[in-house]
There are 2 protein chains.
Amino acid sequence: MTPLSTTPPTLADVAELAGVSRQTVSNAVNNPDLLRSDTLARVQDAIEALGYSPNRAARNLRTRASHLIGMRIGPAQEGTANATMDRFVHSLVETSREAGYHVLLFAGSGEDPLAGYDDLLRSTAVDAFVVTDTYLGNPQAVWLEQRRAPFVAFGRPWDHPDARHPWVDVDGAAGTDLATTHLLDRGHQRIAWIGWRKDSRIGEDRRAGWSRALHARGLPTTGLASRVEDTVASGREASAVLLDEAQPTAFVCASDTLAMGVLHTFRDRGITAGREMSVVGFDDSQVAQVVPFGLTSVRQPLEDVAVEIVKALEGLLAHPPTIATSALLVPTLALRGSS
Amino acid sequence: MTPLSTTPPTLADVAELAGVSRQTVSNAVNNPDLLRSDTLARVQDAIEALGYSPNRAARNLRTRASHLIGMRIGPAQEGTANATMDRFVHSLVETSREAGYHVLLFAGSGEDPLAGYDDLLRSTAVDAFVVTDTYLGNPQAVWLEQRRAPFVAFGRPWDHPDARHPWVDVDGAAGTDLATTHLLDRGHQRIAWIGWRKDSRIGEDRRAGWSRALHARGLPTTGLASRVEDTVASGREASAVLLDEAQPTAFVCASDTLAMGVLHTFRDRGITAGREMSVVGFDDSQVAQVVPFGLTSVRQPLEDVAVEIVKALEGLLAHPPTIATSALLVPTLALRGSS
DNA sequence: GGGATCGTCTTGATCGATCCAATGAGACCA
DNA sequence: TGGTCTCATTGGATCGATCAAGACGATCCC
């Protein structure tokens, strides 16, 4: 049916078969309304017969658009439970497809994180970027803005409140508030926090949700918080110390990785996670899902994030570009046995 | 330094600045040896000064190559510990970059898994594919072969031994053999197997390694094997039954998901995983890494897989194409507390 | 009836690179 | 001196699509 390994048919081939000009075929593909219905049908038949599909390179050259979205992918983090990227990438790919875009992955070339962006930008290989790691105060966003490169960030511009690019983010505080309130509703009074070091904006955001929820019920937070690195070992140590010094009956953690550390401590001490002694994680990683009895965890609506990001991208790339819209989405709580 | 939002410089711009012809600039980029060293330097200065980078679309159109590798990405599997893709994708992106390729992701559009391939192929959007799900006896490989589309498979062509395309795979049997032998060396005699249903070629391959290792020491396998679905619940049930009926002291599992099910049963019965009662999983997922005390697991050398795949791709896309080479790589064992 | 308007389709130029064949300058040898 | 050969460089055509403008007939309205 479809020809094997011959040169693919071109516009001209279709035009000849249908007995029309090249431009008419082009219109049949891009502006069908411009054609009389009978010629449209004739051209479509020819397209079908030849199995024609417009050559991407030629189209890209002429229209100055590639319909590709670039996204940098960092090294997989081993030893942690960070499963965000996997789910997000898939959602983004799926949503982009519906909008007529494909996703181009590129690696951060170690020392110079901008090199990849610069290269793709100058060679006009992609139409826009999705930037996922805005939290480190990293230069990508600022640099891309200066170059007037279209991009949407997954993550708020914490350090640049006057940034003008569109962004989409998940309300971490709302997530931990949800988690903490859930524990309060279950009767807990002393709920501890294990989060990241103070220089992490995301970490502080999530911590704020925890303290907000406690204060809303008139409960104190003093002595119940700990800030450590994002490793299982740190979570284990921190929870051990908190148990000894503050006697909490529940833990809210900034990540599933830290929550696994808490479960580790529980195991050390013969405690079973559940209604009495609870733990809640953040990210709803695979780990949370498969660990015995399950780890209750805050789940980011990554599918929705992808939808919003693509929406913003479409706006940026429209002619004329529409005003940048940003969105802050609310996570949900995946309830499991650990709470 | 770099111009803001103006049209990027073209070959002609560089040529004018350097006082040479367009073709000379093209040669400076693609065949520097053809130029006299002083003109080369002059052209390179001009390139540097203008921040020139060849327009991808134009180059693609002329050379009939996109330097893009397409890869289909399936939906993230929730509720399992399958972390293979994440690690592999990153390795592939990184390795491809070194070979001058970028990775284009596309989604499997539900009902028709071939649609995505067909589309990209006909529009000459990608040079080749990496096909990752060859195990289901799925039609991709056969179909791509018929269309003479260049592709490399991650996974053996189980059902088509006469397939002529290059492939790279990990020797599952070698992995489970490694795991089983490790347990034997630790003194275990009765080692159970929990794997997938019989129609899974990969599952049978991994099972073969387990039975091979036991038979090599003259130990029986009868009554020690179970074949179930790849879920935590199935692993939990299967291990419970095996413990009652066959009294094994160790379990080798076809996946970390199943191994988590075993840990679940251990927990149910107050058993602590370790030297006495051991479990080994497969895939070295994040779950295996962060679960308390750690889950010993067979680790696929995905970085090496990516290298081999890219090597094969370069062969396919070379002029003239070199003969397809396939590779079967050996996994390693990540030792942790569960064994 | 003539000019403006609309709907439909066509022609030639163009995007920015590379391919191909050809040119000029110089080296070398007879 | 003239011919051949190599090296370095050039000009024109080309990849396959879209853009911009124009051609043509039919319709409409004063």
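Here is a short tour of a predicted model, with one stop at the DNA and one at a sheet. Residues are numbered from 1 along each chain as its sequence is written, while chains are lettered from A and ligands numbered from 1 in the order in which they are written. Local features need pLDDT of at least 70, side-chain atom pairs count only at pLDDT 80 or more, and totals for chains, interfaces and linings use all residues; side-chain values use heavy atoms, without hydrogens and water.

Select DNA strand D and the residues near it (a heavy atom within 4 Å). You'll get 26 residues, with A:Leu11, A:Gln23, A:Ser26, A:Asn30 and B:Thr39 the closest. Of the DNA atoms that come within 4 Å of the protein, 64% belong to sugar and phosphate.

Over in chain A, look for 6 strands in an open, mixed sheet, ordered S7-S6-S8-S9-S10-S12. Strands pair here if DSSP finds at least two bridges between them. At the edges you'll find S7 (225–228) and S12 (332–334), each pairing on one side only. Follow S6 (residues 191–196), joined to S7(A) by 4 bridges and running parallel. To finish, pick A:Gly195, which stands opposite A:Arg227 in S7(A).

Conventions
Helix = DSSP H or I, 4+ residues; strand = E, 2+ residues; numbered from the N terminus.
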